[in-house]
Amino acid sequence: MHRKIVGRIVDAASRYPFVVLAIFAVLFAVLGTYAQKLQNNVRTDFLELLPRDSPRFRAFEHQLGRVGGAAKLVIVVTSPDRKQNERFVDDLASRVAKLSDEKKACAKTCAPNDGECQRRCFDPVAYVESGTKDVRDFYDSHKWLFADLKDLEDASRNLDRQIAMKIGLVENLDDDAPPSSPGLDPKPAPKVAPKPAPKPLATGDAGAGDAGIATASQPAAPGGPADAGAADSGAKSALGVTEYLDRWDERANRKDTFPTGYFATDDGHALGLKIVTNTTLGDARGDAFLVEVQRIVAEMGVKEHFHPEMQVGFTGDIGNASDEKKALVDDATKAFLVALGIILLVLVVYYRSLWALVVIFVPAFFGIVAAYAFAYAVFGYINTAGAFLAAIILGNGLNYPVVLLSRYQEFRARGMDPNEAKREAVLNALRAELVGAMVASIAYGSLVVTRFRGFNQFGMIGFIGMITVWAAIIPLVPALLAVNEKVQSFLPRLLREPAPKLRADGSRSVVTKMLADVTTRYPWPFVVFGAAVTVFAATRIPSYIGDPWEYDFGKLGSRATHQVGGANHWSNKANEVFGGKMNIAGALMLADTPEQVPALKKQILENDRNDPQGPLLADIATIWDLLPGTPEEQEKKLEQLEQIRDLLTPRVMQSLSEEERKKVERFKPPSTLHVLTVKDVPPLLKRPFSENNGNVGTVVYVKIRNDVVLADAHYHLRLSATCDNVRLPDGTVVQTATTSSIYADIIDSIRRDGPLASAVSFFAVLIVVIVATRNWRGATAVIVSLLIGVIWLAGAAAYLNVRINYVNFIAFPITFGIGCEYPFNISDRARLLNWNVREAVIRSSGAVILCSFTTVVGYGSGMFSDFQALESFGKLAVIGELACVFAAVLFMPSFLTLLQRSEKKTATAGGLDAPTDDHAKQETPPTAREGEQTEEKQAPPGDEV
């Protein structure tokens, strides 16, 4: 029944080719419209690879919902002129603020249900940080509170002592009357009620108690307390406050290391500007905002209006992601074009026909467009793994039209009528093509059973692509061949394509004839060689398979971002500006309430101490670390500061020289000092600890030790165990996550889903082969060939130490498909030829080798990728492909030949004829072209499908 249906479709396509092509042209245009929308929807963020039901992912998403994406765009400007750099930063900050105001005004005009207007008027700017002026003011005006309590106590004692030593020079220091002029009798000062004396600060200190305040109206007797104090430390200029003032100023300066109020290097040759956005990593709106800021910078004309040597770079979350995405898209485009060019050239040479390119590529391109249109309809974007699928589907998808066109040309060369040749070529190749499409689709589709979206999305897109190419060749290839025949009939004889020809021995080329001869006459060397390499590869696998995963994330990203002008280059410049200065180092985490923070901090530190491999954390920062202590500690400091103010009476101040007075006035704490709370913290410092709704205090930052190399995923696994979803002593589980959670989830997902996808792919492919082959001889040969391909791939990965990552892992299930498709193609042809292995190799090995070549080119394009994860995929996929083609055209024919010899010997020993397959029939054209001979009488092609 299916043969009749397929035959009718082929006949209709041959009869009405332009109708078929018109239908596919409309479908191509519609699907292409959707597929094209993915161009600006490539997401390189690791978050897009994770399973959404993962506890880590849910915790991370929970945090994002409370603090927002907060993806940062950092702009770095460099030139030798500090002033021009500062002018640029001020100008750019004002322009970005103006853009934000315009977006806000636009959003007010949008109706609540007008999604398009809201998207157009989306304000990407959360806030702009152009400098630290308010931070400097905050620390400078509260430097006394940020001093240590012990230092304040020492300052108070020292001041008391210094004033006591000055008593002999100043009369009645607590009196508001001016001191006596030299040579004049002093007028008696009015008696005033004494001020409370400060509490004694140390027993035996000179000036302790009432000294220098209300009772210090007479000089101290020689040898008394004042002299003792003078002998102890000596009188100092400006009452000895200089060393304390310098120390407190230096402490305040350490809090704000940007003395000019701008984010700048010490020499001012590089300045930075931070823009915190309302977008998340990988968000296309972040990319659009980057383009907008780049446009603004271009309009500013930095070299013309600021400095001829000025350069501006973009980094931060958005800049780095954009560079990664650009490198990935550029790589994918280049890989596709290079693969396409090489494949075009080889196909033209092989088929000696330009039209053959159209026949082969149109179905493959249709499959690519359909796959990406499906991706847009279902996902709306593609992740890192899906970006290179065009080249992969092209390399894989060309196999089916290549095989079909080869069969058609073979039958035409043997004298078959064109329309019959189309029908019989499709029917003859239908089973092999269907099995090839099924095992390839299964290889991709097996990834769908995983929860890891990096595999899942790739598998679904690849599955649709392979099935679509196979389905499209049935009507498309006959229709395209029919159009070519019509065109050829109108061309002059000199311009017509040469008719397909075979060699006198029935082969297409000397290569296929040689392969057929050596594998069927001398099978042992190929079988022994294949077995020996397989055993050698197998010995490498056990030590590798225990832990084959890639833990060095530095080997997964793009190299281009590290080049001059790339985002990482500007990241290094940004580190020169911001590195170690006012940075809240560490990974952001959230408590449910501010009251949970102390318990959360304590529990995380305890988890870290319990790490069997040792602690990883240096500290955990909270917003209270920005305050000068707890309220109780600040109250104690204020008491000391009040004593200092009481000591510095107007009479004491008047007794000082002008220069000393200025210094002491800076030292004297203002009466406005009070206990600082979170509300007093400047916005620049408060924002990192704030949620979207304005709540402050729930955000904490986990700071990792400086010697921890975060490119090593082992550390991320340990940090995730320490910090993720922390259980407090009261049993409460706080949904916490860090960026380490994402990396840990990637590793755990690959560990869990990788073996699962491999097992599903392998056993599903085995079932298809067994059911489709329907005889033990063919099934055994195909399965053994498959095992050779897989073992060689795994052994090569172990020998070359190619570690498995979230991208290159897919080379394994894909190899399962290819490992069956090629040998099944030749095995099925042998079945149709009554197990004439030599003839099957002559007729089919050329198409199989050509299919393998196009696939190698498609995969191999990834080997030259700047994106290192895809480079490793290309390497593994090419190894698997070469192993599979060896197994298909060299090992399997030799293995089948040995099986036949063994059967003949057994049959001869038992006095029986050699067995034949009950389902097999011979294949031959109805007529032979003049001058060509066949080696045996054969039945019409396509009798058995």
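Tutor: Buried means under 20% relative accessible area, and exposed means over 50%. This model is predicted.

Student: Is C110 buried or exposed?
Tutor: The relative accessible area of C110 is 13%. The cut-off for burial is under 20%. C110 is therefore buried.

Student: Which cysteine forms a disulfide with C110?
Tutor: The sulfur atoms of this pair are 1.9 Å apart. A disulfide needs them within 2.5 Å. The link is left-handed, with -70° about the S-S bond. The partner is C117.

Student: How many residues apart in sequence are the parts that C106 and C121 tie together?
Tutor: A disulfide joins C106 to C121, S to S 1.7 Å. C106 lies in helix α4, and C121 lies in the loop between α5 and β3. The parts tied together are 15 residues apart.

Student: What pattern do the disulfides of the protein follow?
Tutor: The whole structure holds 2 disulfides. Bonded cysteines are counted along the chain. The pattern is 1-4, 2-3.

Student: Why is C884 not bonded to C820?
Tutor: C820 is in no disulfide. A disulfide needs sulfur atoms within 2.5 Å.

Student: Is W776 buried or exposed?
Tutor: W776 lies in helix α28, residues 776-800. Leaving aside neighbours within four places in sequence, W776 is in contact with L899 and E903. The relative accessible area of W776 is 52%. The cut-off is over 50%, so W776 is exposed.

Notes. Residues are numbered from 1 along each chain as its sequence is written. This is a predicted model: local features need pLDDT of at least 70, side-chain atom pairs count only at pLDDT 80 or more; totals for chains, interfaces and linings use all residues. Side-chain values use heavy atoms; hydrogens and water are left out. Helices (H or I, at least four residues) and strands (E, at least two) are DSSP runs, numbered from the N terminus. Buried means under 20% relative accessible area, exposed over 50%, partly exposed in between (1.4 Å probe, protein chains only). Contact means heavy atoms within 4.5 Å.
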